[in-house]
Amino acid sequence: MNDKDDDALEPEVFEVDVDAVIEEVQIDEQTSAIKRTDDQLPDVLVCLPMNQRPVFPTMMLPLMIPEGRLSAAVQYAIEQQSGYIGFFLTREPMDEEQSYSIDELYKVGCIARVMKAHEEGGQGIQVFAQVIARFEITEQISNDPHVIVKGKPIQPKVDASDTEVRALAMAIVTALKDLIQHNPVFADEIKMVLANYNNIDGPGRLADLSASLTTAAREDIQSILETIDIVPRMEKVLALLAKESELTQIKARIAGQIENKMTEQQRKFFLNEQLKAIKEELGVETDEKSLEVDKFQKAFDAKKNKMSDEVRSTIEEELKKMQILEPASSEYGVARNRLEWLTDMPWGDITDDVLDLKTIRKGLDDDHYGMSDIKKRFIEFCGVRKLKEDRGGGIIALVGPPGTGKTSIGKSIARNLGREFYRFSVGGMRDEAEIKGHRRTYVGALPGKIAQALRRCGSMNPVILLDEIDKLSHGMQGDPASALLEVLDPEQNNDFLDHYLDVRIDLSQVLFICTANELGGIPEPLRDRMEIIRLPGYIEAEKVKIASSYLVPKQRKAHGLRRADIQFQRNALTGLVRGYAREAGVRQLEQLIAKICRKVATKKAEDEDAFALHKINQDNLSDYLGKPYMSDEDLIATATPGVVTGLAWTAMGGATLEIEAIATASEKGGLTLTGQLGDVMKESVSLTRSYLHARTADFKIKDDWFDKHSVHVHFPAGATPKDGPSAGISIATALVSLALGKAVKRKLGMTGELTLTGRVYPIGGVREKIVAAKRAGLKTIILPKANERDWDELPEHLQKGYTVHFVEQLDDVLRIAGLI
């Protein structure tokens with residue numbers, strides 16, 4: 001079927017004499033065959049592939065064959081085979097210059113003869129070919145340079161007077177008439193078929209022409225070509241015509257429905273335009289579009305002096321576009337939403353900073369206890385801003401265990417500085433569009449969180465807190481960490497580009513505060529752009545002070561209680577910290593205080609008249625919370641051979657780590673490790689055993705002790721993964737203690753990496769480990785000599801109460817532990 005526009009011609013009413021058509025069909029097939037050719041048809045042909053649809057006998061084919069292998073084949077056929085050539089449908093579409101064999105072609109095609117040929121100046125050959133008859137391939141003779149096949153022409157004889165053939169011919173003619181009524185696109189072709197039967201070779205040609213007019217699949221039309229017997233061929237053609245008629249009816253119905261909808265929409269459009277004109281004449285109201293344009297124009301006029309040239313020109317362009325577009329169009333909605341964001345952004349709006357350092361220091365102290373490092377750094381930030389008289393920003397990362405006040409100190413900084421505050425969590429974020437905005441082509445597109453923060457705060461210099469930055473993720477939508485590189489780089493963020501707004505935004509005056517539990521979770525390129533401030537966990541005295549000064553008043557107010565209703569004595573808070581809340585932060589401590597307040601509030605609500613003051617002390621603490629969750633470790637209080645207290649660092653803060661070792665007699669020796677250890681810690685145990693085995697005499701261990709004992713080293717809290725090199729000296733001390741049968745000194749904790757030559761290497765997290773030691777009640781600490789500087793930097797209240805030894809060799813450790 002030839003492709004034409006649906007409205008190319010109107011359907012024509014005309015009559016078809018079916019009997020006359022059938023009479024004209026009754027012609028001699030042999031005479032017809034003689035008329036088609038003027039010589040005997042060859043049985044050897046040059047073979048050409050066809051990708052789209054097969055051809056049928058008597059078709060006239062104008063073809064443009066591009067320069068290359070195929071044009072060379074046509075030239076060969078003209079020169080060597082009297083212009084005879086074969087057309088065969090490919091089983092799968094292929095490129096023009098792709099090599100092929102008969103296995104990739106259908107075996108039944110058509111033989112044709114080139115009637116005219118004309119070379120197109122190096123671009124190929126333009127030919128005009130007459131299709132003569134069907135042709136079936138039997139074998140392939142050559143494949144290079146041209147595909148030459150051998151076969152036989154097929155010229156079936158048809159008895160047009162056969163009753164069944166006449167009936168099928170009448171059915172095909174009727175189907176063609178029906179096709180014209182439903183789709184005038186077929187009119188020209190079908191009229192030609194029905195009006196020129198004196199030139200048509202009987203019912204077979206009727207069937208072939210009818211099949212070629214359909215839009216059926218290439219395989220279905222090839223099936224018609226391969227069907228030689230006339231009756232099955234005509235039956236297949238009738239089936240294709242019936243399917244074609246059904247498709248054209250469906251298409252006509254859909255077109256009618258669309259036309260009806262368009263007509264209804266046009267009617268509503270004209271009515272709305274008339275209504276708009278009437279309202280304008282009467283002065284009743286302005287249309288919604290005009291109101292929106294006026295609103296955006298007023299907002300633009302109020303801020304345009306503070307805008308950059310880029311923002312100003314962008315808004316002007318969007319206003320012009322909005323005036324031209326119709327409100328019903330999707331582009332109008334996109335332009336309107338973008339204008340709403342652009343005009344609502346606080347271009348050039350800056351809040352004045354409070355730079356009185358004494359007032360700021362007092363405000364921070366009132367809000368938070370301790371946290372001297374971050375307070376000192378913020379005071380320095382304000383001092384520089386005061387001297388420079390600018391409102392610049394900064395990029396600070398607070399790293400510490402949960403519940404240590406990282407988020408709340410950010411809020412306090414913003415309040416005391418006099419800036420707006422905006423917080424959003426980036427934990428689990430996997431789409432960079434959350435940071436840089438979506439492209440406006442997406443449905444539901446929005447600017448990124450940074451632009452949203454500026455709009456919400458109403459100023460260009462707020463404090464923006466990026467929470468949980470060590471828990472960023474990434475997915476198919478991109479890497480948010482990479483998007484944050486532009487935001488948190490002082491050299492780039494003065495012209496940050498949001499994809500939705502598509503204008504530059506100056507973030508250089510924003511104070512960014514990032515929070516994380518673990519520094520290792522922050523990508524290295526992002527970490528380099530931040531100033532890292534570590535927040536260690538709190539010791540017992542600090543937690544008691546925080547509870548009495550901040551947490552108790554806060555929870556008392558939150559539960560509707562007064563000071564006369566509930567009082568926490570100091571020994572109760574100490575008992576809370578020691579027995580129920582030993583974590584690095586104060587979150588669990590606050591939850592326990594809230595639990596006590598809930599119980600007291602419930603009693604008061606039940607009988608307010610009989611209610612009396614509740615004094616919470618160490619003796620009645622278990623009445624509210626049950627038995628303590630924790631007690632002083634027996635292994636720390638009681639000396640046991642093979643048991644040593646190590647100091648560890650985790651994302652939750654510092655912790656004490658008990659290392660236990662036992663030995664059983666064994667002829668072959670051996671080593672067993674338990675406690676969910678990482679590879680580094682396993683290597684530390686193996687290294688330690690090798691080192692001690694080599695120096696048994698120096699440590700007064702029996703020479704064959706390691707050979708005749710199977711050693712089992714266990715690290716309690718087996719459900720918690722453990723890794724790192726800092727337990728080296730603790731493991732070595734435990735094994736020597738076990739081998740000698742001597743216990744180490746009580747209240748002793750140690751940390752340090754051990755090398756294969758017995759040297760003690762430095763470790764990290766000294767502050768957190770010292771805090772953990774103080775919580776556990778240790779009195780003596782062993783640290784690597786290289787960490788002496790870290791100890792000196794600790795505040796005095798953390799150093800107080802310890803005897804500290806700095807060591808360089810394992811021998812020093814064992815001597816301090818009382819083993820040698």
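Q: How many salt bridges does the count come to?
A: The count comes to 35 salt bridges, where a salt bridge is a side-chain nitrogen of Lys or Arg within 4 Å of a carboxyl oxygen of Asp or Glu. This is a predicted model, in which local features need pLDDT of at least 70 and side-chain atom pairs count only at pLDDT 80 or more, while totals for chains, interfaces and linings use all residues. Residues are numbered from 1 along each chain as its sequence is written, and side-chain values use heavy atoms, with hydrogens and water left out.

Q: OK, take Arg134. What does it form a salt bridge with?
A: Its partner is Asp208, and the closest N and O atoms are 2.9 Å apart. The pair links distant parts of the chain, with Arg134 in strand E5 (residues 124–142) and Asp208 in helix H6 (residues 202–212), 74 residues apart. Helices (H or I, at least four residues) and strands (E, at least two) are DSSP runs, numbered from the N terminus.

Q: Are those two buried or exposed?
A: Arg134 and Asp208 are both buried. Buried means under 20% relative accessible area, exposed means over 50%, and partly exposed is in between (1.4 Å probe, protein chains only).

Q: And Arg419, which side chain does it meet in a salt bridge?
A: That of Asp353, at 2.9 Å from N to O. Arg419 lies in the loop between H14 and strand E8 (421–425), and Asp353 in the loop between helix H11 (330–344) and helix H12 (357–367), so the pair ties together parts that are 66 residues apart in sequence. Arg419 and Asp353 are buried.

Q: What about Lys604, what is its salt bridge partner?
A: Lys604 pairs with Asp565, and their closest N and O atoms are 2.8 Å apart. Here too distant parts of the chain are linked: Lys604 is in helix H21 and Asp565 is in the loop between H19 and strand E14 (566–568), 39 residues apart. Lys604 and Asp565 are both buried.

Q: Which residues are linked in a network of salt bridges?
A: Glu292, Arg336, Glu340, Asp344 and Arg455 are linked that way.

Q: Changing topic: what volume does the second largest pocket have?
A: About 710 Å³. Its lining has 27 residues, and the closest to its centre are His368, Gly405, Ser408, Lys554 and Glu590. Two or more lining residues come from each of helix H14 (406–417), strand E12 (511–516), helix H19 (540–558) and helix H21 (587–606).

Q: Which element gives the most to that lining?
A: H14, with six residues. By class, the lining of this pocket divides into nine nonpolar, nine polar and nine charged residues. Ala, Val, Leu, Ile, Met, Phe, Trp, Tyr, Cys and Pro count as nonpolar, Asp, Glu, Lys and Arg as charged, and the others, Gly among them, as polar.

Q: What counts as a pocket or a cavity?
A: On a 1 Å grid over the protein atoms alone, a cavity is a set of points where a 1.4 Å probe fits but cannot get out, and a pocket is an open set with protein on both sides within 12 Å along at least five of seven lines; lining residues have an atom within 4 Å of a point. Grid points are joined across faces, edges and corners, and a volume is the space filled by probe spheres set on the points.

Q: How many cavities of 30 Å³ or more are there?
A: Four by this rule. The second largest cavity holds about 40 Å³ of space. It is lined by 11 residues, with Gly400, Pro401, Asn517, Trp649 and Glu768 nearest its centre. That lining has five nonpolar, four polar and two charged residues.

Q: Now backbone angles. What is phi of Thr58 near?
A: Near 75°, a positive value in a residue other than glycine. Most residues other than glycine have a negative phi. Thr58 lies in the loop between strand E1 (44–50) and strand E2 (60–66), and Thr58 is partly exposed because its relative accessible area is 22%.

Q: And Ser82, what is its phi?
A: It is positive, about 55°, although Ser82 is not a glycine. Ser82 sits in the loop between helix H3 (69–80) and strand E3 (84–89). With a relative accessible area of 46%, Ser82 is partly exposed.

Q: Last one: where does Ser684 lie?
A: In helix H24 (residues 679–694). Ser684 counts as buried because its relative accessibility is 12%. Ser684 and Gly728 are 44 residues apart in sequence and 5.7 Å apart in space, C-alpha to C-alpha.
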